[in-house]
Amino acid sequence: MRRANEPSTGQQIGVSVALLVIDFMLIAWSVYGVGIAGWADSYESDGVAPSSASRAASQALWLLGGGAVLTGGGLLALGWRIPGIVQLVVLGGGAMLVSSLPAGG
């Protein structure tokens, strides 16, 4: 049963779709940044310093993982269950994707 101060399911789905657009843009930007850093590393690899791709992946992992916890957890705390769960799943999945890029590349 829905409480009086909870948002409707339609509102939650609308917010989820709007946030998905932002999430996918952020994930694409992160993947692109790690890819470009890896490409640049291929031209100047001396094997001594940590690669810029691993640094970029680490930064993107913290950005996406932190975004998942802050936005997903915040929305869940406010009673917005659908967008909160979507944020946790999408940004958390993006963080796992970006963290696996340097190991696979």
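A helix here means a DSSP run of H or I with at least four residues, and helices are numbered from the N terminus. Keep in mind that what you're looking at is a predicted model. By that way of counting, the protein chain has 3 helices and 0 strands, and reading along the sequence gives you the pattern α-α-α.

**The chain as a whole**
- The protein chain has 105 residues, and 27% of them count as buried.
- Its accessible surface comes to about 6700 Å², with 71% of that belonging to carbon and sulfur atoms.
- Take the contacts with a separation of 6 or more: 67% of them are between residues 24 or more positions apart.

**What the record says**
- An unreviewed UniProt entry puts the feature "transmembrane region" at residues 12–40, 60–78 and 85–103.
- In the model, residues 12–40 are 100% helix and 0% strand, and the C-alpha atoms at the ends sit 41 Å apart.
- Residues 60–78 come out at 95% helix and 0% strand, with 26 Å between the end C-alpha atoms.

**Helix α1**
- How far apart are the end C-alpha atoms of α1, and what span should its 35 residues have? At 1.5 Å a residue the helix should span 51 Å, and its end C-alpha atoms are 51 Å apart, so the two agree.
- The buried residues in α1 are Q12, S16, D23, I27, S30, V34, A37 and D41.
- A handy rule for reading such a list: an α-helix has 3.6 residues a turn, so residues three or four places apart point the same way.
- W39 also belongs to helix α1, which covers residues 9–43. Is W39 buried or exposed? It's exposed, because its relative accessible area is 52% and the cut-off for exposed is over 50%.

**Helix α2 and L76**
- Look for L76 in helix α2, which runs over residues 52–77.
- With a relative accessible area of 33%, L76 is partly exposed, since that label covers values between the 20% limit for buried and the 50% limit for exposed.
- Which residues does L76 touch, leaving aside neighbours within four places in sequence? Its contacts are R81, G84, I85 and L88.
- L76 and Q87 are 11 residues apart in sequence, and their C-alpha atoms are 9.7 Å apart in space.

Conventions
Residues are numbered from 1 along each chain as its sequence is written. This is a predicted model: local features need pLDDT of at least 70, side-chain atom pairs count only at pLDDT 80 or more; totals for chains, interfaces and linings use all residues. Side-chain values use heavy atoms; hydrogens and water are left out. Helices (H or I, at least four residues) and strands (E, at least two) are DSSP runs, numbered from the N terminus. Buried means under 20% relative accessible area, exposed over 50%, partly exposed in between (1.4 Å probe, protein chains only). UniProt positions are given in the numbering used here, feature names are shortened, and annotations may be inferred rather than shown by experiment. Contact means heavy atoms within 4.5 Å. Accessible areas come from the Shrake-Rupley method with a 1.4 Å probe; for residues, only the protein chains shown count as cover. The expected span of a helix is 1.5 Å times one less than its number of residues.
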